[in-house]
Amino acid sequence: MKDTDIKRLLYTHLLCIFSIILSIFIPSFFLENFSILETHLTWLCICSVFVTAVNLVLYLVVKPNASSKRSSLSYKVVRFLKCCIYFLMSCFFFHVIFVLYGAPLIELVLETFLFAVTLSTFTTVPCLCLLGPNIKAWLRVFSRNGVTSIWENSLQITTISSFIGTWLGAFPIPLDWERPWQVWPISCTLGATFGYVAGLVISPLWIYWNRKQLTYKNN
Amino acid sequence: MRLGSGTFAACCVVIQVLGVALFLRGFFPAPIRSSSRTEHQAEPPAPEPSAGDRSNWTKLPPPLFRKVVIMLIDGLRDDFVFGCVWGVKFMPYTTYLVEKGASHSFVAEAKLPTVTMPRIKAMMTGSLPGFIDVVRNLNSPALVEDNVITQAKAAGKRIIFYGDETWVKLFPKHFVEYDGTTSFFVSDYTEVDNNVTRHLDKVLKRGDWDVLILHYLGLDHIGHVSGPSSPLIGHKLREMDSVLMKIHTSLLSEERDTLVPNLLVLCGDHGMSEAGGHGASSMEELNTALILISSAFERKPGDIRRPKHVQQTDLAATLAIGLGLPIPGNSVGSLLFPTVEGRPVREQLRFLHLNAVQLSKLLQENVPSYTKEPGFEQFKMSERLHGNWIRLYLEENNSEVLFNLGAKVRRQYLEALRTLSLSLSRQVAQYDIYSMLVGTVMVLEVLVLLLLSMPQALSNKAELEVPLWSPVFSLLFYLVFLVLSALHVIVCTSAESSCYFCGLSWLTAGGVMALISALLCAVVSALAKVFADGRLLRKNPAHPKARWSELDVLILLGTLGHVLSLGASSFIEEEHQTWYFLVNTLCLALCHELYKNCFLSDDCEPQPCSHVEQGLVSSEPALWDRNIHCNVSKPHRVSKSPTSLDTLRGYEKWMVLASPWVILTCCRLLRSLNQTGVQWAHRPDLGHWLTSSDHKAELSVLAALSLFVIFVLVQRRCSLTSKVAMALGLLGVYCYRAAIGNVLFPWQRDSKDISKGVIEARFVHVFVLGILFTGTKDLLKSQVIAADFTIKTVGLWEIYSGLVLLAALLFRPHNLPVLVLSLLIQTLMTKFIWKPLRHDAAEITIMHYWFGQAFFYFQGNSNNIATVDVSAGFVGLDTYMEVPAAFLTAFATFAGPVLWASHLVSFLSSETRSGSALSHACFCYALTCSFPVSAYIILVTSLRHHLFIWSVFSPKLLYEGMHVLITAAICVFFTAMDQTNTKS
Ligand SMILES: [Zn+2]
Ligand SMILES: [Zn+2]
């Protein structure tokens with residue numbers, strides 16, 4: 001593990017954060033009355049598109065796991081389609097989880113689903129870019145001592161922190177402050193976003209500070 | 001002395017119960033009282049004030065009305081009379097009286113708790129009953145406070161009463177004639193009222209009474225059963241309207257002969273929430289209608305009188321004045337002035353003066369610095385002005401000056417009354433800090449002791465050295481005891497306000513002090529030991545450091561987070577959300593653990609992800625075959641063999657993978673069965689849909705199906721006799737529900753006459769007792785034979801199934817799915833999660849505790865008194881019996897936690913991996929229960945001046961107190977089982 005790797009990780013993460021900030025400010029030039037709280041759904045769509053795009057671009061440019069052995073075109077297409085299916089599945093999966101957590105079943109379906117899409121872009125898209133459509137690798141990364149590179153380590157940190165952010169984001173909902181952001185799912189999406197950004201910031205720093213202790217099996 | 005950790009924990013919780021009881025006694029303040037109650041009767045009424053010449057009017061003024069009829073309709077909220085939805089439509093005669101007739105109408109605001117008995121007390125004494133009166137609501141002891149009814153009886157008035165039995169209990173021997181109806185069969189809403197109305201014709205014709213009190217319960221019962229939007233409400237209101245018309249016309253016709261006005265009071269004791277219950281503080285529950293009707297209140301055609309907002313306590317003073325009686329000494333209400341508006345000015349002022357004198361006297365007795373109160377100053381000033389007015393009046397001065405001065409005095413008096421009454425009402429929130437402090441100290445010491453002894457108690461031996469005798473003979477103990485006793489003497493001799501703990505006998509107080517100092521010594525020695533151990537550990541760090549799994553972290557954070565959340569009133573109101581959230585997260589964490597164990601063959605050596613792209617399906621069988629686990633996540637469980645996931649066959653594998661999702665789905669279903677809390681309580685839920693009268697057939701099918709599934713799930717581990725008993729008992733449950741009209745028999749289309757189902761319920765009770773008896777017998781047998789282990793398992797399961805049967809009997813029919821799904825989740829968890837994953841006893845205990853808490857709310861409970869299902873306490877009882885009723889109500893309310901706890905006992909003793917599992921479980925259970933209680937007691941003490949202390953925090957405190965009591969019972973049960981375990 002070299003310092004250049006960590007530096008590259010930091011830059012990619014800064015780009016991701018930048019894309020989220022852009023998604024807050026750019027649309028207000030094109031759309032009237034745009035604000036995160038008022039037109040929350042629009043912001044959700046834009047944010048997830050931005051983050052997905054940046055992740056894809058970074059994947060193509062940086063290529064963290066460059067060892068693609070079989071690189072025939074058909075293989076790539078199949079892989080891409082598989083990724084799309086996985087992404088959709090993860091959206092539905094998150095939707096189901098939200099409903100199990102108590103989100104209304106019939107009302108606000110669109111809001112819940114878009115929230116699921118956003119959370120998927122924060123978590124599933126980086127996983128798909130890095131690990132490919134491979135559940136076993138995912139389970140490995142998200143279990144103790146399972147990571148094999150700093151990329152996977154940072155993936156673990158950002159994903160878990162997005163989940164924790166979402167989880168914590170549900171806390172203000174029962175409070176009787178009657179603020180506009182306490183409405184489902186706004187506090188949760190904000191929590192997810194903050195968690196994702198926090199993960200992006202923390203993971204390079206954490207890896208940098210712990211670079212002595214971190215030894216990966218593959219390196 | 002060496003103690004098993006289970007025994008130790010049980011002792012600790014029992015001490016904690018004592019502490020909590022003491023705290024509760026101090027926290028719920030005694031209501032303000034007039035100390036001169038006994039002399040009050042003899043005391044002459046205050047004479048008219050005068051400046052200069054002595055006034056000759058020293059007697060009480062004569063009564064304003066000849067006869068008074070009080071028609072109390074239980075649950076009559078204001079818009080049932082004044083609103084356009086109900087009042088105008090269903091109560092035409094009352095609406096006519098309110099709008100055009102000779103009447104004064106008010107919206108009377110009830111204070112908390114909005115439950116019948118405290119409200120009757122408030123209306124008749126004018127005082128504010130303490131919060132603790134709710135608990136005593138069920139067995140109302142006779143009212144000893146000064147009140148209107150006692151005064152009226154002393155004045156020789158003849159009082160007749162028909163209606164709710166509570167009155168007869170509150171005022172025994174006060175009525176010359178009465179007929180009480182019990183209010184406990186909530187599903188009956190016609191007979192209770194016919195019981196009252198059938199006497200009316202006869203009584204109204206007779207002239208031999210002065211006060212007639214009618215208490216109609218039907219409206220409240222309809223509210224409890226089907227809510228305020230039910231069409232039955234309209235029918236009932238129309239019936240009440242016709243009763244009112246009958247009484248009013250009869251009174252009017254009598255007046256024509258006697259020429260003295262009569263008074264008819266129509267009032268409600270409390271309102272009705274949107275869900276149909278009462279007890280809390282929503283506007284719908286607080287605002288009641290109050291209408292005073294009398295020909296003395298004549299008005300001119302254009303005179304529009306809007307219903308004014310007044311306090312419910314004002315009624316006592318008004319009734320006393322109207323009947324020519326002294327105002328009750330503890331009354332904090334002020335006279336409803338419109339009732340005396342038509343009298344001469346001198347009389348008006350006399351009434352106001354009497355009221356003000358009474359209030360200021362109450363203020364003097366309860367507030368040390370009463371002279372600084374603005375109300376008192378206003379009163380003194382108006383008394384002076386009043387004296388001047390009397391002088392002018394006696395001198396027969398110019399009438400205009402007299403009139404202007406009179407109006408001014410009146411205004412002054414009214415202002416003084418308002419201020420006095422307000423500051424008196426505020427006085428109610430006074431705490432007995434000393435008792436609270438003693439209770440808190442006890443609870444905290446026990447908690448610290450539990451925490452300090454945790455490492456020792458959860459060790460493999462599950463035994464700990466309790467330093468019990470050495471501290472008793474140590475110097476520290478005597479020193480602390482001496483200091484505490486001295487403090488006690490000082491506090492009790494110097495305190496001005498009364499204090500419960502000082503009221504105890506010296507011996508009891510000394511015992512408590514000795515207990516506190518002994519606990520302190522125990523804590524100190526435990527602390528010393530922990531330090532010594534810590535130093536020892538640091539010297540030789542060969543001891544392997546246990547790492548926490550994700551599940552442990554979640555459990556710890558969840559417990560801490562829940563305790564912290566209790567500081568916010570919204571989180572208390574919505575506590576069910578916290579538990580649902582935690583349980584969901586727990587399920588997901590379990591799911592993650594299961595999947596990891598299933599799919600990742602080896603935690604220690606992560607597989608390089610090169611070959612996995614071939615597809616999951618092909619690789620899965622191969623993975624399962626070499627499923628050897630090294631369990632890196634729990635290194636401290638050395639004795640653990642490889643998890644048994646690999647030994648499972650195909651379908652079981654799938655069940656293991658599916659069970660977390662099934663459990664999550666069950667929880668989601670249950671969540672939409674009963675909406676509780678405050679913010680989302682009005683949302684439509686399945687429970688309301690099922691209980692509405694249109695869906696009786698669906699409810700019947702569901703109930704029958706649920707009972708069948710309960711049988712299937714429970715019977716598999718019972719002995720044959722209890723299997724039969726269970727089947728018959730469940731059949732009896734259905735018959736009981738059919739008899740009281742909740743569900744239908746398929747062969748019985750038309751509803752027959754509804755009975756109280758006493759026979760059917762007793763039939764089930766017999767089977768419950770039978771099953772419990774069989775279980776106990778088996779347990780005893782396993783003690784004697786000592787070799788047969790299966791008998792003990794069967795016995796424990798039988799006790800558990802007896803409790804399930806009792807719960808099935810007590811739960812409302814729409815809640816039976818809660819029981820079914822609880823059994824289902826327990827079965828799934830046992831078979832597919834805990835057994836394969838081999839969690840240790842502590843983790844399993846806390847998971848059981850969490851699920852128990854979640855099921856407490858799944859049942860439809862909340863942290864609000866109104867959701868307690870009182871009707872459960874009268875299943876199978878003919879008359880009200882205190883002990884069984886209290887027991888049944890408590891069991892029905894806490895059925896969720898109790899059932900999960902007893903399942904824990906039976907699960908742990910059937911899974912005999914280590915002998916210490918049960919005592920570990922007992923210790924953990926005690927700790928997890930006592931932690932929130934201790935924290936909550938401190939929170940409540942620091943928040944005691946919070947705005948929501950009475951509406952949100954106090955009910956929760958009562959629930960917590962009850963929870964500790966039940967925990968103590970459970971821990972004692974655990975310990976008993978543990979004892980049999982160690983002996984056998
Ligand atoms: Zn009532
Ligand atoms: Zn009621």
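Colleague: Over residues 9–29 of chain A, how far apart are the end C-alpha atoms?
Modeller: Please keep in mind that this is a predicted model. UniProt, in an unreviewed entry, places the feature "transmembrane region" at several spans of chain A, including residues 9–29. In the model this span is 95% helix and 0% strand, and its end C-alpha atoms are separated by 31 Å.

Colleague: And what separates the end C-alpha atoms of residues 112–132 of chain A?
Modeller: Residues 112–132 are also among the spans that the unreviewed UniProt entry lists as "transmembrane region". Here the chain is 95% helix and 0% strand, and the distance between the end C-alpha atoms is 26 Å.

Colleague: Turning to chain B, how many helices and strands does its secondary structure come to?
Modeller: Chain B has 984 residues, of which 57% are buried. Of its contacts between residues at least 6 apart in sequence, 78% join residues at least 24 apart. Its secondary structure comes to 39 helices and 10 strands.

Colleague: Which residues of chain B coordinate the zinc ion (ligand 1)?
Modeller: The donors follow the spacing D-x41-T-x152-D-H along the chain, and they coordinate the zinc ion (ligand 1) at 1.9 to 2.5 Å.

Colleague: How many residues apart are B:Thr116 and B:His270?
Modeller: B:Thr116 lies in helix H6 (residues 116–125) of chain B, whereas B:His270 sits in the loop between strand E7 (263–268) and helix H13 (283–286). Both B:Thr116 and B:His270 are buried. The pair links distant parts of the chain, with a separation of 154 residues.

Colleague: How far apart are the zinc ion (ligand 1) and the zinc ion (ligand 2)?
Modeller: In the model, the distance between the zinc ion (ligand 1) and the zinc ion (ligand 2) is 4.4 Å.

Colleague: Over which residues of chain B is the pLDDT below 50?
Modeller: Chain B averages a pLDDT of 82, and 86% of the residues score at least 70. One stretch below 50 has 7 contacts beyond near neighbours in sequence, and another has 70 such contacts. Where pLDDT is low, the predicted coordinates should not be read in detail. The stretches below 50 include residues 37–41 and residues 602–643.

How values were computed
Residues numbered from 1 in each chain as written. Chains lettered and ligands numbered in written order. Predicted model: local features only at pLDDT ≥ 70, side-chain atom pairs only at ≥ 80, totals over all residues. Heavy atoms only, no water. Helix = DSSP H or I, 4+ residues; strand = E, 2+ residues; numbered from the N terminus. Buried < 20%, exposed > 50% of the residue type's maximum accessible area, 1.4 Å probe, protein only. Contact = heavy atoms within 4.5 Å. Donors = N, O, S within 2.8 Å, 3.2 Å for Na, K, Ca; no water. UniProt positions renumbered as here; feature names shortened; annotations may be inferred. pLDDT = per-residue confidence, 0-100.
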